[in-house]
Amino acid sequence: TTLRPDTMYENRSLHELVRSTVAQLTPQHQVVFVLRELAGRSYEEIAGVTKANLGTVKSRLNRARSSFAEIIAPHLD
């Protein structure tokens with residue numbers, strides 16, 4: 001189906017907001033956030049990619065999610 005222009009604009013705006021919010025995270029938090037939330041990787045896969053233990057991955061992801069929510073909150077309705 002074809003999207004309406006206003007829907008396309010909203011999708012593009014949301015994509016840009018997410019991208020700019022992720023860019024404000026620390027590099028370590030960016031990696032785990034993108035791999036888990038945007039790429040859907042498992043904790044084990046992220047641990048392998050980042051060469052960090054599973055507990056570290058979970059901790060970083062928790063902090064990344066908290067930071068992401070704090071940064072993006074003022075921009076949402």
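Let me start with Glu 16, which is partly exposed at a relative accessible area of 38%, where partly exposed means between the buried class, under 20%, and the exposed class, over 50%, with a 1.4 Å probe and protein chains only. This is a predicted model, in which local features need pLDDT of at least 70 and side-chain atom pairs count only at pLDDT 80 or more, while totals for chains, interfaces and linings use all residues. Residues are numbered from 1 along each chain as its sequence is written, and side-chain values use heavy atoms, with hydrogens and water left out.

Glu 16 forms a salt bridge with Arg 19, their closest N and O atoms being 2.7 Å apart; the term requires a side-chain nitrogen of Lys or Arg within 4 Å of a carboxyl oxygen of Asp or Glu. Both residues sit in helix 1, 3 residues apart, or about one turn of the helix, helices here being DSSP runs of H or I with at least four residues, numbered from the N terminus.

A second salt bridge joins Glu 37 and Arg 65 at 2.5 Å between the closest N and O atoms, and this pair links distant parts of the chain, with Glu 37 in helix 2 and Arg 65 in helix 4, 28 residues apart.

Turning to helix 4 itself, what are its buried residues? They are Val 57, Arg 60, Leu 61, Ala 64, Phe 68 and Ile 72. Seen down the axis of helix 4, they fall within an arc of 105°, taken from the directions from the axis to the C-beta atoms, so they line one face of the helix. These buried residues pack against helix 1, helix 2 and helix 3, contact meaning heavy atoms within 4.5 Å.

Conventions: Helix = DSSP H or I, 4+ residues; strand = E, 2+ residues; numbered from the N terminus.
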